[in-house]
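Subject: Structure handover

Hello,

Here is the structure for you to take over. My notes on it follow below.

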Amino acid sequence: MQWRRHVTGLAFSLVFVVSYFTNKFVLSVLNFTYPTLFQGWQTFIGAILLIVSGKLGWVEINRITRSAALSWFPGSLLFVGNIYAGSRALSHLDIPFFFTLQNCSHAVSYMIFKVIRREQKTQWLKFISLCLMLLSAINLPFYDPQVDHSSYLWAVCHLACVGAYRVFQVHHKSVSLSDLEQQCINYLFSVLLLAVAAHPTGDLTGALEFPSLQSHTFHCGCCASALLGFLLRLATVKLKSGLSFEHFGVWIFLSKVTAMLLSPFIFSVNSNASSLLCVVVSHVGEALLIYSERDSQV
């Protein structure tokens, strides 16, 4: 029924906005800038909740073979790069700026698809939308009132991993894995890789000196971020399975716009007319991309 799709979409938007706000609060307000531990905690809780949900029959997860898990390992590496670099970038970037840069992942995946499929034909509306998103992202650092070059470099790593992961998902045909099974493998590999990286990166020793380590606010924020991250994955899979590619993109777009409009009321956002113009142009480009893909799956 149509109303059920709307309820699912609204639930997804709510979880999306609250999840991003919670992550932003822990990373920026509490200043817990140790992503191997923060993302390691999130993926550890996510793995436990997903496995338990599968055992209880709440979600459908089949037995994952060793060969299937190993064949998905490159995707898991991209997932780890995505969440690690994303945390680094989000800790210093305002949410509207983060989404503006994140939009470039569409351009990354599109260019990789063009090379892999050797396509000669170009949809001009799609090409214009990608150009708008790229130009907005390129110009944003020049107009950001408090530009932090390292955060922009991490954002580039993040969007590259997001774009490459999207391509890997489409072209990984060696074994049949559902979205939740892929996510389960991602969680398990992420816990292992991030745990190994915690000490070499200095996050482990740095976290022991974190001022709010014993704070109830910090504990609640970390628990909420892990739970919301898991719920967001489930909501994404549910929404994706019940809607067309175009309508799924619409709900993602609406969720991002909602988060951007509400973020100045929750966090301190430093912007000017030029940087806001970059944000607006980027998301106009995203809206055009969604419109251009109404008959396409790429």
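**Thr8 and its surroundings**

Leaving aside neighbours within four places in sequence, Thr8 is in contact (heavy atoms within 4.5 Å) with Lys238 and Leu239. This is a predicted model, where local features need pLDDT of at least 70, side-chain atom pairs count only at pLDDT 80 or more, and totals for chains, interfaces and linings use all residues. Residues are numbered from 1 along each chain as its sequence is written, and side-chain values use heavy atoms, with hydrogens and water left out.

Thr8 sits in helix α1, residues 2–29; helices here are DSSP runs of H or I, at least four residues, numbered from the N terminus. From Thr8 to Thr236 the C-alpha distance is 9.4 Å, although 228 residues separate them in sequence. Thr8 counts as partly exposed because its relative accessibility is 23%, where buried is under 20%, exposed over 50% and partly exposed in between, with a 1.4 Å probe and protein chains only.

**Helix α12**

Helix α12 covers residues 245–266. Its 22 residues should span 32 Å at 1.5 Å a residue, and the end C-alpha atoms are 31 Å apart, which agrees; the expected span is 1.5 Å times one less than the number of residues. Buried residues in α12 include Phe248, Trp251, Phe253 and Met260.

Regards

Definitions and conventions
Helix = DSSP H or I, 4+ residues; strand = E, 2+ residues; numbered from the N terminus.
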